[in-house]
Amino acid sequence: MNEMAKVFLEGGPDDLSERIVPTPSPGPDAKIRLRGGYEHFRPTSRHTDTPEGRLPVYEWWERTEIAE
């Protein structure tokens with residue numbers, strides 16, 4: 001079975017629609033596009049139980065705007 005690895009996103013905007021996303025690649029941070037910018041999440045040493053199993057927790061740390 002070829003199952004995609006996932007992470008759980010903690011913090012950030014309340015209107016972020018998905019909290020369980022594919023593991024970011026390449027690099028350690030997850031960058032999620034939202035409302036004309038990107039929400040950035042960093043890995044933590046924690047894990048949490050979710051409907052999709054036990055996943056690593058990534059926490060929000062900043063927002064950047066998309067340059068036009």
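This is a predicted model: local features need pLDDT of at least 70, side-chain atom pairs count only at pLDDT 80 or more; totals for chains, interfaces and linings use all residues.

Colleague: Understood. How many helices and strands are there in the protein?

Modeller: The protein has five strands and zero helices. Read from the N terminus, its elements follow the order β-β-β-β-β.

Colleague: And what box do the C-alpha atoms fill?

Modeller: Along the principal axes, the C-alpha atoms occupy a box of roughly 40 × 25 × 20 Å.

Colleague: What share of the residues is buried?

Modeller: Of the 68 residues in the protein, 25% are buried.

Colleague: Let us turn to Glu39. Where is its place?

Modeller: Glu39 belongs to strand E4, which covers residues 37-50.

Colleague: Is Glu39 buried or exposed, and why?

Modeller: Glu39 counts as buried because its relative accessible area is 2%, and the cut-off for buried is under 20%.

Colleague: Which residues is it in contact with, leaving aside neighbours within four places in sequence?

Modeller: With those neighbours set aside, Glu39 contacts Pro13, Ala30, Lys31, Ile32, Leu34, Trp60, Glu62 and Arg63. With Arg63 there is also a polar contact between the two side chains, at 2.5 Å.

Colleague: Now Asp15, please. Where does it lie?

Modeller: Asp15 is found in the loop that runs between strand E1 (6-10) and strand E2 (20-22).

Colleague: How exposed is Asp15, and why is it classed that way?

Modeller: Asp15 is classed as partly exposed because its relative accessible area is 43%, and that class lies between the cut-offs of 20% and 50%.

Colleague: What does it touch beyond its sequence neighbours?

Modeller: Leaving aside neighbours within four places in sequence, Asp15 is in contact with Leu34 and Arg35. The side chains of Asp15 and Arg35 form a polar contact of 2.9 Å.

Colleague: And what is the separation of the C-alpha atoms of Asp15 and Thr48?

Modeller: Those C-alpha atoms are 21 Å apart, and the two residues are 33 residues apart along the chain.

Colleague: Last topic: what share of contacts joins residues at least 24 apart?

Modeller: Among contacts between residues at least 6 apart in sequence, 39% join residues at least 24 apart.

How values were computed
Residues are numbered from 1 along each chain as its sequence is written. Side-chain values use heavy atoms; hydrogens and water are left out. Helices (H or I, at least four residues) and strands (E, at least two) are DSSP runs, numbered from the N terminus. Buried means under 20% relative accessible area, exposed over 50%, partly exposed in between (1.4 Å probe, protein chains only). Contact means heavy atoms within 4.5 Å. A polar contact is a pair of N or O atoms within 3.5 Å; within protein, one must be able to donate a hydrogen and the other to accept it, and residues adjacent in sequence count only if both atoms are side-chain atoms.
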